[in-house]
Amino acid sequence: MKNTYKSEVKEVIEYMNDKYTKNFRHKGKYVQHYTTKLLQDYSVEEIKAVIDNRYNAWICVPVMHKYFRPSTIFDPSNFSKYFDDTFN
């Protein structure tokens, strides 16, 4: 499957890296797969807002810092909850 969202995936992962001071690769299969699926239903700005929301919710809770990663944030069941928390 060709990733038609290549530049958007890169933008989202770079934003996450800057926000969380991490170094996630935007070319990894997991990241590309789940970020591409998210981009089919959500805009880049909505995904960035969810990243910001999770950062704000977890930054003061050190035990949660390990969840600042694509596999947690972009997991489909988690993302829908985080989206609702961000926009409702």
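Asp-75 counts as partly exposed in this predicted model, because its relative accessibility is 23%, and the residue lies in the loop between helix H4 (70–73) and helix H5 (76–87).

**Asp-75 and its surroundings**

- When neighbours within four places in sequence are left aside, Asp-75 is in contact with Tyr-30 and Pro-70.
- The side chain of Asp-75 is also joined to that of Ser-77 by a polar contact of 2.6 Å.
- Asp-75 and Val-63 are 12 residues apart along the chain, and a distance of 19 Å separates their C-alpha atoms.

**Helix H1 against helix H3**

- Helix H1 (residues 6–20) and helix H3 (residues 44–58) have axes that come within 10 Å and cross at roughly 20°; since an angle under 35 degrees counts as roughly parallel, the two helices are therefore roughly parallel to each other.
- The crossing in which H1 passes H3 is right-handed.
- On the H1 side the contact involves Glu-8, Glu-11, Val-12, Tyr-15, Met-16, Lys-19 and Tyr-20, and these meet Val-44, Glu-45, Ile-47, Lys-48, Ile-51, Asp-52, Arg-54 and Tyr-55 on the H3 side.
- Sorted by class, the residues of this contact of H1 with H3 comprise 8 nonpolar and 7 charged ones, with no polar residues.
- Tyr-15, which is found in helix H1, counts as partly exposed because its relative accessibility is 24%.
- Not counting residues up to four places away in sequence, Tyr-15 touches Lys-48, Ile-51 and Asp-52.
- Tyr-15 and Lys-37 are 22 residues apart in sequence, and their C-alpha atoms are 18 Å apart in space.

**Helix H1 against helix H2**

- The axes of H1 and H2 come within 10 Å and cross at roughly 105°, and that angle makes H1 roughly perpendicular to H2.
- This contact is made by Glu-8, Val-9, Val-12 and Ile-13 from H1, together with Val-31, Gln-32, Thr-35, Thr-36 and Leu-39 from H2.
- By class, the contact of H1 with H2 has 5 nonpolar, 3 polar and 1 charged residues.
- Val-12, whose place is in helix H1, is listed in the contact with H2 and also in the contact with H3.
- With a relative accessibility of 0%, Val-12 counts as buried, and beyond its neighbours within four places in sequence it is in contact with Thr-35, Val-44, Ile-47, Ile-51 and Phe-74.
- Val-12 and Ser-71 are 59 residues apart along the chain, while the separation of their C-alpha atoms is 13 Å.
- Thr-35, found in helix H2 (residues 29–41), likewise counts as buried, at 0% relative accessibility.
- Not counting residues up to four places away in sequence, Thr-35 touches Val-9, Val-12 and Ile-13, as well as Phe-74.

**Helix H3 against helix H5**

- H3 and H5 pack with their axes 9 Å apart and at an angle of about 85°, and the two helices are therefore roughly perpendicular to each other.
- From H3 the contact draws on Glu-46, Ile-47, Ala-49, Val-50, Asn-53, Arg-54 and Trp-58, and from H5 on Phe-79, Tyr-82, Phe-83, Asp-85, Thr-86 and Phe-87.
- The class breakdown for the contact of H3 with H5 is 8 nonpolar, 2 polar and 3 charged residues.
- Arg-54, whose place is in helix H3, counts as buried because its relative accessibility is 8%, a value that falls under the 20% limit for that class.
- Leaving out residues up to four places away in sequence, Arg-54 touches Tyr-20, Phe-68, Ile-73, Tyr-82 and Asp-85; of these, Tyr-20 is listed in the contact of H1 with H3, whereas Tyr-82 and Asp-85 are listed among the H5 residues that meet H3.

**Thr-21, a loop residue**

- Thr-21 is placed in the loop between H1 and H2, and its relative accessible area of 72% means that it is exposed.
- Although Thr-21 is not a glycine, it has a positive phi of about 45°.

Definitions and conventions
Residues numbered from 1 in each chain as written. Predicted model: local features only at pLDDT ≥ 70, side-chain atom pairs only at ≥ 80, totals over all residues. Heavy atoms only, no water. Axes fitted to C-alpha atoms, helices over the stretch in contact; angles between N-to-C directions. Helix = DSSP H or I, 4+ residues; strand = E, 2+ residues; numbered from the N terminus. Parallel < 35°, antiparallel > 145°, perpendicular 65-115°, else oblique. Left-handed = near helix turned anticlockwise from the far one by under 90°. Contact = heavy atoms within 4.5 Å. Nonpolar A, V, L, I, M, F, W, Y, C, P; charged D, E, K, R; others polar. Buried < 20%, exposed > 50% of the residue type's maximum accessible area, 1.4 Å probe, protein only. Polar contact = N/O pair within 3.5 Å; in protein donor to acceptor, adjacent residues only side chain to side chain.
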